[in-house]
Amino acid sequence: MAKNEQQKTVKVQLVRSPIGTKESHRATIRGLGLRKLNSVSELQDSPAVRGMINKVDYLVKVL
């Protein structure tokens, strides 16, 4: 990839508390780099990240 070519990114915001959710869903939230409510993380747009977002779609919002 050329240096001037920009990587596609996706911004994700935690909008619901992961308290009371499955342990694997809480781990996925942490894997996305989200800690506190309304925290935002900018991630590389890949199929793996998209799958993680789909898994916890009821907790996060894509910006």
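Three strands form an open sheet in the order 2-1-3, with antiparallel pairing. Strands here are DSSP E runs of at least two residues, helices are H or I runs of at least four, and both are numbered from the N terminus. Two strands pair if DSSP finds at least two bridges between them. Strand 2 (40-44) and strand 3 stand at the edges with a single partner strand each, so one side of each has no neighbour in the sheet. Five bridges join strand 1 to strand 2. Within that pairing, valine 12 sits opposite serine 41.

The model is predicted: local features need pLDDT of at least 70, side-chain atom pairs count only at 80 or more, and totals for chains, interfaces and linings use all residues. Residues are numbered from 1 along each chain as its sequence is written, and side-chain values use heavy atoms, without hydrogens and water.

Now helix 1 (residues 23-31). His25, Thr28 and Ile29 are buried there, that is, under 20% relative accessible area with a 1.4 Å probe, protein chains only. These buried residues pack against strand 1, helix 2 and strand 3 (60-62). Glycine 33 follows helix 1, with a positive phi near 85 degrees.

What is in the largest nonpolar core? It has 12 residues, among them Val10, Ile29 and Val60. Such a core is a set of buried Ala, Val, Leu, Ile, Met, Phe, Trp, Tyr and Cys residues joined through side-chain atoms within 4.5 Å. Strand 1 gives the most, three residues. Leaving aside neighbours within four places in sequence, valine 49 contacts (heavy atoms within 4.5 Å) Val10, Leu32, Leu43 and Gln44.

Definitions and conventions
Buried < 20%, exposed > 50% of the residue type's maximum accessible area, 1.4 Å probe, protein only.
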